[in-house]
Amino acid sequence: MSLTVEVFLVRADGDIDILETPDGACDPAGPERWRTRVWGSRAIRELGARFLPALVKGDLVAPEEIPAFLRECALVRDGLGELAARTCPADRTADQHARHIGARLSGIEATALRAAGIGGGLLIW
């Protein structure tokens, strides 16, 4: 099972509508186990992240939180080498793991930018 990242809009009744992923867009956010092993890891929290570690318990980033979420993505990207080294599985090198995390982070950032452009939020599930 894999985590995916999608854009949602809040309806007038407070419920949400999840939008279709555009053709050519990348929506995987990593394997389900990354919810705790990478995005929820102590290493990412020590980088200063707060949204991604919250995936352990929840899965929404509200529309008004998207700018702060994008700043967090940049923070994580700056610490990508350290994060990869501290969360690397035995079946790959830290450099391979960093590339894998970086690719998933790029997709998450692109989706967050789409959300920001239309006043939406993110659902990572």
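A salt bridge, as the word is used here, is a side-chain nitrogen of Lys or Arg within 4 Å of a carboxyl oxygen of Asp or Glu. The model is a predicted one, in which local features need pLDDT of at least 70 and side-chain atom pairs count only at pLDDT 80 or more, while totals for chains, interfaces and linings use all residues. Residues are numbered from 1 along each chain as its sequence is written, and side-chain values use heavy atoms, with hydrogens and water left out.

Side chains of opposite charge can pair when their charged atoms come close. A search of the whole structure finds 7 salt bridges, and one of them joins Glu109 to Arg77, with the closest N and O atoms 2.6 Å apart. Because Glu109 lies in helix H5 and Arg77 in helix H3, this pair ties together parts that are 32 residues apart in sequence. Helices (H or I, at least four residues) and strands (E, at least two) are DSSP runs, numbered from the N terminus. Buried means under 20% relative accessible area, exposed means over 50%, and partly exposed covers what is in between (1.4 Å probe, protein chains only). Glu109 therefore counts as buried, at 17% relative accessibility, whereas Arg77, with a relative accessible area of 32%, is partly exposed.

An α-helix has 3.6 residues a turn, so residues three or four places apart point the same way. Glu82 is partly exposed at 42% relative accessibility, and Arg86 is partly exposed as well, with a relative accessible area of 41%. Elsewhere, salt bridges that share partners join Arg11, Asp13, Asp15 and Asp17 into one network.

Just after H5, Gly119 takes a positive phi of about 75°. The loop between strand E2 (16-18) and E3 holds Cys26, which touches Arg104, Gly107 and Thr111, not counting residues up to four places away in sequence. Cys26 and Arg104 are 78 residues apart in sequence, yet 8.4 Å apart in space, C-alpha to C-alpha.

Helix H3 brings us to Glu72, which is found there. Which side chain of opposite charge is nearest to this buried residue? It is Arg50, 5.2 Å away, and Glu72 has no salt bridge; for such counts Lys and Arg are positive and Asp and Glu negative, while His and the chain ends are not counted. The side chain of Glu72 does, however, reach the backbone nitrogen of Arg50 at 2.6 Å and the backbone nitrogen of Phe51 at 2.9 Å.

Rings of Phe, Tyr and Trp (its six-membered ring) pair if their centres lie within 6.5 Å, and planes under 30 degrees apart count as stacked, over 60 as edge-to-face and the rest as tilted. A search of the whole structure finds 2 aromatic pairs. Trp34 and Trp39 form an edge-to-face pair, 5.8 Å centre to centre with 75° between the planes, and both are buried, Trp34 at 4% relative accessibility and Trp39 at 0%. Phe51 and Phe69 also form an edge-to-face pair, at 5.8 Å centre to centre and 75° between the planes. This pair links distant parts of the chain, with Phe51 in the loop between helix H2 (42-46) and strand E4 (60-61) and Phe69 in helix H3, 18 residues apart.

Key: Polar contact = N/O pair within 3.5 Å; in protein donor to acceptor, adjacent residues only side chain to side chain. Contact = heavy atoms within 4.5 Å.
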